[in-house]
Amino acid sequence: MDTHVKATADQDGDSVAAERDREAGDDSVFEVFDEDVAGDVRDPYPELAAARRAHPVQRLDTSNMPHADDAAVFFVYGYDDIQEVLRDGKTYSSAHIIDMLMGDIMGKHIILGMDDPEHRRYRALVSTAFRQKALANWEERLIVPAVDELLDRIADRGRADLVTDFTFPFPTIVTAGMLGLPREDLRQFQRWSIAILGFHTHRERAVNAAQEVKEYLAEILAERRREPREDVISDLSRAELDGEKLSDEEIFSFLRLLLPAGIETTYRSTGNMLYSLLSRPEQLQALRDNRALIPRAVEESIRFETPLLNITRMATTTTVLHDVRIPAGSTVMLMLAAANRDESRWNDPDDFDIFRTPRPHTSFGGGSHNCLGIHLARTEMRLALEKMLDELPNLRLDPDADDPHISGQVFRSPAALPVLFG
Ligand code: HEM
């Protein structure tokens, strides 16, 4: 274990129990994190729908900007158009994402920013850690105990803020467990995660945290190479394709990407699901009466409140999309949230309806970069909901709470979910 982390834990002299109590709710860092990235746009959907109807593929007016010709940016709003882009990685490259996600924070080998053939090889190697068998194992060993632990802490209280008490710590505990990190390092891991996730606004803090996390993981990786265990770091260290293995740098890049890709998105999607249901008590009651509806509720909430509203590609060649000419070098913004409310695909798309006939949405992207954590995210959300219905009877929004709501324009989720139960 990293000596710095161990020394900090020892100096603090915290018992493991106290450590666990605090690791869930370092409210001050949490608030800073959420201020950083969420913003306060409550309902971007009317504007997105108007844009989708008026011009499904729209060129951003850059006439007032310098170098307008070099800087063409297009927005794509419709479901089918977005799928067309996502399926054609040759015309629409992901390579610029590495610059956007800042190679100095995540490392140079970011899967999100790879094109084929590099992407195909790398994805095949890292996917071994996400196979179905591993997921079943994590469900039992990690996800259920994490949910139980967090709910046990609040069960006797009769009230909680499900964001600070549950949705925020939950995916960090699961991810740290998947990586096989020692339990006593969890609080430090959470601090690093928050610092890295805040890279949009506090760059230096993120760069430092990324460096520290890399040094920390390097020690763990060396240990796992000597003595493999049942965890993602061991899986990645053993993964092999045509006699080739992942380098240490490739492994670090992947592990660091799991923070924004796996922790932040699931934190947001779980909060969105809980808010969507709590603010529609009749649909929550329907789930209590028929638990078989839970997977549908999970999927509908991921469609209805898309956690990550847009992703980007860059045109490698001049092309045409929905009759609009897109010059080579243009940035193409895929408005996932708009596509998930496309009326040509869903009836009454602006209604949250767990009874609707499910159709694939695009919150997890699509094509070859389709989210690698899709089954994990669904499993985490399903188990969170199931256990909350079991453990928190009569769960409801606190009627005296200060206006809980979902907000954000790039990422969306509630900043607080004050609830009563029992
Ligand atoms: C509801 C929760 C989640 C949402 C909404 C989500 C969304 C997405 C989206 C939209 C992409 C595609 C990005 C692009 O094509 O540019 C993606 C890719 C990815 N996601 Fe997720 N994600 C979620 C959960 C997770 C989890 C839990 C993990 C892992 C622990 C994860 C790991 C990844 C990885 C590694 C990629 C890159 C795949 C590739 O480039 O081939 N995600 N995710």
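**Close-up views of a predicted model**

**Figure 1. An open sheet of three strands has the order 4-14-11, and its pairing is antiparallel.** The edges of this sheet are formed by strand 4 (159–161) and strand 11 (396–397); each has a single partner strand, so one side of each is left without a neighbour in the sheet. Strand 11 pairs with strand 14 (residues 418–420) through two bridges, in the antiparallel sense. Within this pairing, Arg396 has Leu420 in strand 14 as its bridge partner. As in every view shown here, the coordinates belong to a predicted model.

**Figure 2. The protein chain as a whole comprises 19 helices and 14 strands.** The protein chain has 422 residues, of which 54% count as buried. Where contacts link residues at least 6 apart in sequence, 73% of them join residues at least 24 apart.

Figure 3. Strands of a sheet pair through backbone hydrogen bonds, and the pairing is either parallel or antiparallel. Both senses are found around strand 2, which is the subject of the next view.

**Figure 4. Strand 2 (residues 73–76) is joined to strand 1 by three bridges and to strand 10 by four.** Strand 1 and strand 2 run antiparallel, whereas strand 2 and strand 10 run parallel. Phe75 takes part on both sides: Phe75 is the bridge partner of Gln58, and Phe75 also stands opposite Met333 in strand 10. Both faces of strand 2 are covered. Val73 and Phe75 lie on one side, Phe74 and Val76 lie on the other, and all four are buried.

**Figure 5. Helix 12 (residues 186–197) packs against helix 13 (residues 203–226) at an angle of about 140°.** Two packed helices are described by the angle between their axes and the distance between the axes. For helix 12 and helix 13, the axes are 8 Å apart. The angle makes helix 12 oblique to helix 13, because only angles over 145 degrees count as roughly antiparallel. The crossing of helix 12 and helix 13 is left-handed. On the helix 12 side, the contact involves Gln188, Trp192, Ile194, Ala195 and Ile196. These residues meet Arg205, Ala206, Ala209, Ala210, Glu212, Val213 and Tyr216 in helix 13. By class, the contact of helix 12 with helix 13 contains nine nonpolar residues, one polar residue and two charged residues.

**Figure 6. Helix 15 (residues 248–278) and helix 19 (residues 374–391) pack at an angle of about 40°, and their axes are 10 Å apart.** That angle makes helix 15 oblique to helix 19, because roughly parallel applies to angles under 35 degrees. The crossing of helix 15 and helix 19 is right-handed. Helix 15 contributes Thr266, Ser269, Thr270, Met273, Leu274 and Leu277 to the contact. Their counterparts in helix 19 are Ala377, Glu380, Met381, Ala384, Leu385 and Met388. The residues of the contact of helix 15 with helix 19 divide into eight nonpolar, three polar and one charged.

**Figure 7. Thr172 is found in helix 11 (residues 169–179) and is buried.** The relative accessible area of Thr172 is 4%, and Thr172 counts as buried because that term applies under 20%. Not counting residues up to four places away in sequence, Thr172 touches Leu186, Phe189, Gln190, Ser193 and Ile263.

**Figure 8. Glu244 lies in strand 6 (residues 244–245) and is partly exposed.** Not counting residues up to four places away in sequence, Glu244 touches Arg121, Leu125 and Ala239. Glu244 and Leu125 are 119 residues apart in sequence, and their C-alpha atoms are 9.2 Å apart in space.

Notes. Residues numbered from 1 in each chain as written. Predicted model: local features only at pLDDT ≥ 70, side-chain atom pairs only at ≥ 80, totals over all residues. Heavy atoms only, no water. Pairing = 2+ DSSP bridges. Axes fitted to C-alpha atoms, helices over the stretch in contact; angles between N-to-C directions. Parallel < 35°, antiparallel > 145°, perpendicular 65-115°, else oblique. Left-handed = near helix turned anticlockwise from the far one by under 90°. Contact = heavy atoms within 4.5 Å. Nonpolar A, V, L, I, M, F, W, Y, C, P; charged D, E, K, R; others polar. Buried < 20%, exposed > 50% of the residue type's maximum accessible area, 1.4 Å probe, protein only.
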